[in-house]
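Trainee: Could you give me a close look at how the helices pack in this one? I'd like to see the pairs one by one.

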Amino acid sequence: MTGAEVPPGKYGTWWFLSSEIPVFGGLIISYIVFRLGGTSWHEASSHLNFNIALINTFLLLTSSMTIVMAHGATEEKDFRKVGSFLGATIILGLGFLAMKAVEYTIEFKAGFLPSSGIFWSFYYGMTGLHALHVLAGIIVNTVLWIQARTGTLRHHSHRVELAGLYWHLVDIIWIFLFPLLYLA
Amino acid sequence: MINPHTRHYLAIWYWLMGLVILSVLASFILPKTQALILIFAAAVVKALLVARNYMHLKNEKPIIYAMALVPLALILIFLFALFPDFVYHSTRP
């Protein structure tokens, strides 16, 4: 899609995405400020499950590729392929949420709750809000996948691009959450 | 037969995976300060790769760039406005 051809809803989607940046950006900046000033945060973050987070990074980065391939397939008018790539994106997103649920369960069982300290409040707040965004993206992608399967998507195929923009933003947020929480 | 778009998206994915591996290795091998610089530089590069190639920002109009960059600039102003707080009051639990 070139800059000259703007599909319906694209400016609105970007406006929505730009409103998401201060939401997560504010949380991330607050986290950085508190962490730089704190003394016991490194010890708290060492209890996080690095392996699960690494798998989730792989799942989310791969899902970004599959949804952009779905967008590419709409330009080729190959809606069977669009459905396949959207299906793969949904499965990868569900995999992310499943792994996140496993991680939360392990942490809860170890006694690390949102009330266990300010690090854990940030951790559950940021990753929980991000997981809700992943869930919202999965719902949107599922609607599009059904439309691709039933053939109705060909009348408004630009929606795949808009859903993709949202999904990529969710991916970019994780790109920063992963090193902040698990590597730093 | 892989079309050029698919090949490009795959190439970006390989770069993203490579940068993830680089970040993880840095966190294990390098001294902390150097590791943090490399890890967050890699995160910025990954975000730019996704935004420019998967979100197609490199082909977009200036108005869309503005919608993406203005809130980012505000966030950075927010960060630098708070710098004195953690520089001069650096003992929190």
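**Helix packing**

Mentor: Start with chain B: α1(B) and α2(B) are roughly antiparallel to each other (over 145 degrees; under 35 is roughly parallel, 65 to 115 roughly perpendicular, the rest oblique). Bear in mind that this is a predicted model, where local features need pLDDT of at least 70, side-chain atom pairs need 80 or more, and totals for chains, interfaces and linings take in all residues. Residues count from 1 along each chain as its sequence is written, chains are lettered from A and ligands numbered from 1 in written order, and side-chain values use heavy atoms, without hydrogens or water.

Back to that pair: α1(B) covers residues 4–29 and α2(B) residues 32–54, and they pack at about 165° with their axes 9 Å apart. Helices here are DSSP runs (H or I, at least four residues; strands are E, at least two), numbered from the N terminus, and axes are lines fitted to C-alpha atoms, for helices over the stretch in contact, with angles from 0 to 180 degrees between N-to-C directions. α1(B) passes α2(B) in a left-handed crossing (near helix turned anticlockwise from the far one by less than a right angle; clockwise is right-handed).

On the α1(B) side, the contact (heavy atoms within 4.5 Å) uses His8(B), Tyr9(B), Ile12(B), Trp13(B), Trp15(B), Leu16(B), Leu19(B), Val20(B), Leu22(B), Ser23(B), Ala26(B) and Ser27(B). Facing them from α2(B) are Ala35(B), Leu38(B), Ile39(B), Ala42(B), Val45(B), Lys46(B), Leu49(B), Val50(B), Asn53(B) and Tyr54(B). By class, this contact of α1(B) with α2(B) has 17 nonpolar residues, four polar and one charged (nonpolar: Ala, Val, Leu, Ile, Met, Phe, Trp, Tyr, Cys, Pro; charged: Asp, Glu, Lys, Arg; polar: the others, Gly among them).

Now for chain A, which has six helices and zero strands. Its C-alpha trace spans about 55 × 30 × 20 Å along the principal axes. Take α5(A), residues 118–150, and α6(A), residues 158–183: their axes come within 10 Å and cross at roughly 160°. That makes α5(A) roughly antiparallel to α6(A). The crossing of α5(A) and α6(A) is left-handed too, and their contact has 18 nonpolar, six polar and one charged residues.

α6(A) also pairs with α4(A): those axes come within 13 Å and cross at roughly 30°. So α4(A) is roughly parallel to α6(A), again with a left-handed crossing. Val82(A), Thr89(A), Gly93(A), Phe96(A), Lys100(A) and Glu103(A) from α4(A) meet Val160(A), Trp167(A), Trp174(A) and Tyr182(A) from α6(A).

α4(A) itself has 31 residues and reaches 45 Å from first C-alpha to last, close to the 45 Å expected (1.5 Å times one less than the number of residues). Gly111(A) follows α4(A), with a positive phi near 90°.

How far does the predictor trust all this? Chain A averages 92, with 97% of residues scoring at least 70. Chain B has a mean of 88, with 91% at 70 or more, and the model scores ipTM 0.91 and pTM 0.92.

Note on methods: pLDDT = per-residue confidence, 0-100.
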